[in-house]
Amino acid sequence: PGMWAVSGTPSDCVHIALGGAFDWEPEIVVSGINHGSNMGDDVIYSGTVAAAVEARHLATPSMAVSLVGRTGTHFDTAARVAAHLAERLRSAHNLQRDLILNVNVPDLPWEELAGGRVTRLGRRHASERVVVDTDPRGETIYWIGSSGPEADAGPGTDFDAVRAGYVSVT
């Protein structure tokens, strides 16, 4: 249906797409592929997840897709996972219009994925404290501390699934 660009947040993009910008109605929203995980408590900071939540508010099934890892080598794997899940959702009977899936894909070749697991969100300890410093112009700057370490990352969590090479679907 053509190419679109929106200079706004991921949620803005979804709102515009589902709010009547097209002369057709999307069946499902796929937000992402985000470079980096959106697992555990991290989901509350995620624009990728926020876009999926916006779709839910507008009665459209959605999924947020993230490629876990620093290198971002296998976006093709994450794209294949997203396409597979989107097709499964499209063919589902009685698909809930308020469905949100949070999908985290290990940064591996497709052939090396261990499979997929339905998971729950893990939890992290609180992040490190803010670091106050001064920039080269003498202005005060604030560095947000790193994410806290995993607190609840055992069996059944998104952290555990991805660590074992599985796609996590929460």
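This is a predicted model: local features need pLDDT of at least 70, side-chain atom pairs count only at pLDDT 80 or more; totals for chains, interfaces and linings use all residues.

E4 and strand E9 (residues 166-169) run parallel to each other, paired over four bridges. In that pair I found Val-118 opposite Val-169 of E9.

Next I traced the sheet they belong to. It is an open sheet of five strands in the order E1-E2-E3-E9-E4, and the pairing is mixed. Which strands stand at the edges? Strand E1 (29-35) and strand E4 (115-118) do; each has a single partner strand, so one side of each has no neighbour in the sheet.

Helix H3 (residues 75-90) does, touching E1, strand E2 (62-68), strand E3 (100-106) and E9. I noted its direction against that of E2 as well: about 160 degrees.

Last entry, a helix pair. Helix H1 (residues 10-18) packs with helix H2 (residues 47-57) at an angle of about 25 degrees, and their axes are 7 Å apart. Angles under 35 degrees count as roughly parallel, so I put H1 down as roughly parallel to H2. The H1 and H2 crossing is right-handed.

Which residues make the contact? From H1 I listed Pro-10, Ser-11, Val-14, His-15 and Leu-18; from H2, Gly-47, Ala-50, Ala-51, Glu-54 and Ala-55. Sorted by type, the residues of the H1 contact with H2 come out as six nonpolar, three polar and one charged.

Terms used. Residues are numbered from 1 along each chain as its sequence is written. Side-chain values use heavy atoms; hydrogens and water are left out. Two strands pair if DSSP finds at least two bridges between them. Helices (H or I, at least four residues) and strands (E, at least two) are DSSP runs, numbered from the N terminus. Contact means heavy atoms within 4.5 Å. Axes are lines fitted to C-alpha atoms, for helices over the stretch in contact, and angles run from 0 to 180 degrees between N-to-C directions. Angles under 35 degrees count as roughly parallel, over 145 as roughly antiparallel, 65 to 115 as roughly perpendicular and the rest as oblique. A crossing is left-handed if the near helix is turned anticlockwise from the far one by less than a right angle, and right-handed if clockwise. Ala, Val, Leu, Ile, Met, Phe, Trp, Tyr, Cys and Pro count as nonpolar, Asp, Glu, Lys and Arg as charged, and the others, Gly among them, as polar.
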